[in-house]
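Colleague: Can you walk me through this model? Keep it simple, please.

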Amino acid sequence: MNRTESGKLFFEVFPTLKVEDGLKELFSDVQVTKVATNSMRTFLKVHLKSSHLIQKNQIYEMEHLIKLQLFPRSRLTIEIRENFELSGQYT
């Protein structure tokens, strides 16, 4: 099942993005709930929902890879906003 209730899976939204296996596995079940840009198209915000924690340095690396591979010549700033829905074991 590829589609989720509240969005698409990360690699459905960014199907041409090439990442190492560790990052690919980490983001494979992450949902993209919203993608927004400003009117001048200089800023792209990607909202994610994940059922597991993703370290901030991995988020930054994914922002960098999106910019580098998908928008290499533009002055676009990429920001990923993560939201975690974790099990009760996390307090």
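Modeller: Read along the sequence, the pattern is β-α-α-β-β-α-β. Helices (H or I, at least four residues) and strands (E, at least two) are DSSP runs, numbered from the N terminus. This is a predicted model, where local features need pLDDT of at least 70, side-chain atom pairs count only at pLDDT 80 or more, and totals for chains, interfaces and linings use all residues. Residues are numbered from 1 along each chain as its sequence is written, and side-chain values use heavy atoms, with hydrogens and water left out.

Colleague: How many helices and strands are there in the chain?

Modeller: Three helices and four strands.

Colleague: What order do the strands take in the sheet?

Modeller: The order is S1-S2-S3-S4, in an open sheet with mixed pairing. Two strands pair if DSSP finds at least two bridges between them. Strand S1 (8-9) and strand S4 (77-84) are the edge strands, and each pairs on one side only.

Colleague: What holds paired strands together, in general?

Modeller: Strands of a sheet pair through backbone hydrogen bonds, either parallel or antiparallel.

Colleague: Take S1 and S2. Parallel or antiparallel?

Modeller: Antiparallel, over two bridges. Lys-8 has Val-32 in S2 as its bridge partner.

Colleague: And how many bridges link S2 and S3?

Modeller: Six, between strand S2 (residues 31-37) and strand S3 (residues 43-50), and the sense is antiparallel. Val-35 stands opposite Val-46 in S3. Ala-36 stands opposite Lys-45 in S3.

Colleague: Then S3 and S4: parallel or antiparallel?

Modeller: Parallel, over eight bridges. His-47 has Arg-81 in S4 as its bridge partner.

Colleague: Back to the hairpin of S2 and S3. How many residues sit between the strands?

Modeller: Five. Arg-41 is in that loop. Its phi is positive, about 55°, although Arg-41 is not a glycine.

Colleague: Is Arg-41 buried or exposed?

Modeller: Exposed, because its relative accessible area is 62%. Buried means under 20% relative accessible area, exposed over 50%, and partly exposed in between (1.4 Å probe, protein chains only).

Colleague: What about Asp-21: buried or exposed?

Modeller: Exposed too, because Asp-21 has a relative accessible area of 65%. Asp-21 is found in helix H2.

Colleague: New topic. Where does helix H3 lie?

Modeller: Helix H3 (residues 56-70) lies across S3 and S4, at about 145° to S4. Axes are lines fitted to C-alpha atoms, for helices over the stretch in contact, and angles run from 0 to 180 degrees between N-to-C directions. Contact means heavy atoms within 4.5 Å.

Colleague: How many residues are in the largest nonpolar core?

Modeller: It has 21 residues, and those with the most contacts inside it are Phe-10, Leu-17, Phe-27, Leu-48, Met-62 and Ile-66. Helix H1 (10-13), helix H2 (21-27), S3, H3 and S4 each give two or more residues to this core. The largest share, four residues, comes from H3. A nonpolar core is a set of buried Ala, Val, Leu, Ile, Met, Phe, Trp, Tyr and Cys residues joined through side-chain atoms within 4.5 Å.

Colleague: Which residues does Leu-17 contact, leaving aside neighbours within four places in sequence?

Modeller: Phe-10, Phe-11, Met-62, Leu-65, Ile-66, Gln-69 and Leu-70.

Colleague: Last thing, the whole chain. What share is buried?

Modeller: Buried residues make up 30% of the 91 residues.

Colleague: And what does the C-alpha trace span?

Modeller: About 45 × 30 × 30 Å along its principal axes.
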